[in-house]
Amino acid sequence: MRLLIGTREGLRDGEGATLGLGGRAIRALAGRPDDAWMVVDGREVWRVQGRRLTPATAAGALGDPALTCVLPTRAGVLVGTEGAYLRRFGGRSRLGNEALAPVAGFDEAEGREHWFTPWGGPAATRTLAVDKHGGLYVNVHVGGVLRSDDDGESWQATALDISADAHQVIAPAGHDGLLLAATARGLAVSRDRGGSWELDVRGLHATYARAVALSGSTILLSVARGPGGQDAALYRRSLDGDEPFVRCRDGLPDHFDGNIDTHTLVADGADAAFAGPDGAIYCSDDGGYGWEQTLSGLSTVYALLIERGRT
């Protein structure tokens, strides 16, 4: 597998070698390891092409709310922010001079007046996803999951209850209509693009889920006993089977003292990887059944990006 690792102290590859931006925090990654977009210090978007790192947004981006996530789409590169806003730029080859333009339709999204955080601060755009049809999805924390079918011009709330407290949404490639969301109430699954959702906590020792990925036909879900990441662990279950979740143990500690967080659990085919709160990277090549620690001693890991190795 090929990995990019976004840390508090710059960008690294799967071998742990520094690729650049030492001393700067890589907060989010999207795309492919050889052609990726990343959020740097919560203030800029950069592009990674091979080993070339280039700023992609204009300095004016510094005046925006802190940037939280990024996603390349057919309508340009979407960027989420604190305050639960969306920005967009064209993502053309002329990098370093583009301003982040507001996505006005998201400012008028259905239900915005009900978005909140438990501590009383403003909500945030936490994760972004796109499906095979070009449908866009935004996970607002706390505000549920919204969908746009017109490249972001208008947005509608999906049926996921806001009180589920979603932390991540993904639209796995090759699965038409499928959405998976990690929520404070466990795993939320939709098979109709958000028209309906089912929550699943079977087999879990706790329900507070921060990250989800699909490795082949296996769902991987990280859970803990609460926001502080107490007694955190990784679980797996079949996408289409009826069995409950099973705790991943082979090659892993009994538990983690901190969250396996949003953006740090990824998969492509049978290959999967996650970052532990202890600065270690764990990898699996069999859909999450067995794991191996491949790196340790990293500064805080904020984001991973994976692509399965081709032969």
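Tutor: In this predicted model, a strand is a DSSP run of at least two residues marked E, and strands are numbered from the N terminus.

Student: Between which two strands is Val 142 placed?

Tutor: The peptide bond from His 141 to Val 142 is cis, with omega near 5°. Strand S13 covers 136-141 and strand S14 covers 144-148. Val 142 falls in the loop between these, that is, between strand S13 and strand S14.

Student: Is Ala 84 buried or exposed?

Tutor: Ala 84 has a positive phi of about 60° although it is not a glycine. Its place is in the loop between strand S9 (76-81) and strand S10 (85-89). Buried means under 20% relative accessible area. Because its relative accessibility is 1%, Ala 84 counts as buried.

Student: What is the relative accessibility of Arg 193?

Tutor: Arg 193 is a residue other than glycine, and its phi has a positive value, near 60°. This residue is found in the loop between strand S18 (186-190) and strand S19 (198-200). Arg 193 counts as buried, and its relative accessibility is 18%.

Student: What distance separates the C-alpha atoms of Ala 232 and Ile 260?

Tutor: Ala 232 lies in the loop between strand S21 (218-224) and strand S22 (233-238). Ala 232 counts as buried, at 1% relative accessibility. Along the chain, Ala 232 and Ile 260 are 28 residues apart, yet the separation of their C-alpha atoms is 7.0 Å.

Student: Which residues gather in the patch of negative charge on the surface?

Tutor: One of them, Asp 285, lies in the loop between strand S26 (281-284) and strand S27 (292-295). Asp 285 counts as exposed because its relative accessibility is 59%. The residues that gather in this surface patch of negative charge are Asp 250, Asp 285, Asp 286 and Glu 292.

Terms used. Residues are numbered from 1 along each chain as its sequence is written. This is a predicted model: local features need pLDDT of at least 70, side-chain atom pairs count only at pLDDT 80 or more; totals for chains, interfaces and linings use all residues. Side-chain values use heavy atoms; hydrogens and water are left out. Patches are made of residues with over 30% relative accessible area and no salt bridge: like charges are joined within 9 Å, nonpolar side chains (Val, Leu, Ile, Met, Phe, Trp, Tyr) within 5 Å. Accessible areas come from the Shrake-Rupley method with a 1.4 Å probe; for residues, only the protein chains shown count as cover. A salt bridge is a side-chain nitrogen of Lys or Arg within 4 Å of a carboxyl oxygen of Asp or Glu. Lys and Arg count as positive and Asp and Glu as negative; His and the chain ends are not counted. The place of a charge is taken as NZ of Lys, CZ of Arg, CG of Asp or CD of Glu. Helices (H or I, at least four residues) and strands (E, at least two) are DSSP runs, numbered from the N terminus. Buried means under 20% relative accessible area, exposed over 50%, partly exposed in between (1.4 Å probe, protein chains only).
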